[in-house]
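Colleague: I am new to this structure and should like to learn how to read it. Please take me through it, giving the general idea before each case.

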Amino acid sequence: MSEEKSGAGRRRRKAAAPPAEPPFEKALERLEEIVEILEAGDAPLEKSLALFEEGVALSRGCNKRLDEAERRLEALVRKAGGDVAEPLSEEEFLPGAARDGDD
């Protein structure tokens, strides 16, 4: 770790930079691994909780990146003079999904 001088000649350590987020594909791959482990139900409670926390963080990071990508695409389409399409409804995207809970 690097150090820098402060006030009376004392040395103070710089805070370490937070770890970089993994690329989207790696995060999604890890998230899938976590889901498989948790669905198997064989991990001890503490390990399961730690995996769940990691999965939530990865999921949030992936969603954030997808939202950012969507905004960038919309901006590019507008810049090119095109119309930005409305997102598909859940029924259009996953036919039958909305009916599953409606019975």
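Modeller: Let us begin with contacts, where contact means heavy atoms within 4.5 Å. Setting aside neighbours within four places in sequence, Leu-31 is in contact with Gly-55, Leu-58 and Ser-59. This is a predicted model, in which local features need pLDDT of at least 70 and side-chain atom pairs count only at pLDDT 80 or more, while totals for chains, interfaces and linings use all residues. Residues are numbered from 1 along each chain as its sequence is written, and side-chain values use heavy atoms, with hydrogens and water left out.

Colleague: What does the chain average in pLDDT?

Modeller: pLDDT is the predictor's confidence in each residue, from 0 to 100. The chain averages 80, and 66% of the residues score at least 70. Where pLDDT is low, the predicted coordinates should not be read in detail.

Colleague: How many helices and strands are there in the chain?

Modeller: Helices (H or I, at least four residues) and strands (E, at least two) are DSSP runs, numbered from the N terminus. The chain has four helices and two strands, and from the N terminus on its elements run β-β-α-α-α-α.

Colleague: At what angle do H1 and H2 pack?

Modeller: Axes are lines fitted to C-alpha atoms, for helices over the stretch in contact, and angles run from 0 to 180 degrees between N-to-C directions. H1 and helix H2 (residues 45-79) pack at an angle of about 145 degrees, and their axes are 9 Å apart. Residues making the contact include Phe-24, Leu-28 and Ile-37 of H1 and Ser-48, Phe-52 and Arg-65 of H2.

Colleague: Which residues make up the largest nonpolar core?

Modeller: Buried means under 20% relative accessible area, exposed over 50%, and partly exposed in between (1.4 Å probe, protein chains only). A nonpolar core is a set of buried Ala, Val, Leu, Ile, Met, Phe, Trp, Tyr and Cys residues joined through side-chain atoms within 4.5 Å. Here the largest has six residues: Ala-27, Leu-31, Ile-34, Leu-51, Leu-58 and Cys-62. H1 and H2 are the elements that give two or more residues to this core. Of the 103 residues of the chain, 11% count as buried.

Colleague: Does Ser-48 count as buried or exposed, and why?

Modeller: Ser-48 lies in helix H2 and counts as buried because its relative accessibility is 19%. Beyond residues up to four places away in sequence, Ser-48 touches Leu-38 and Ala-43.

Colleague: Which residues does Arg-65 touch?

Modeller: Not counting residues up to four places away in sequence, Arg-65 touches Glu-21, Pro-22, Pro-23 and Phe-24. Arg-65, also in helix H2, counts as partly exposed because its relative accessibility is 22%. From Arg-65 to Phe-24 there are 41 residues in sequence, yet 7.5 Å in space, C-alpha to C-alpha.

Colleague: Where does Pro-23 lie?

Modeller: Pro-23 lies in the loop between strand E2 (10-13) and H1. Pro-23 is exposed because its relative accessible area is 52%. Pro-23 and Gly-61 are 38 residues apart in sequence, and their C-alpha atoms are 10.0 Å apart.
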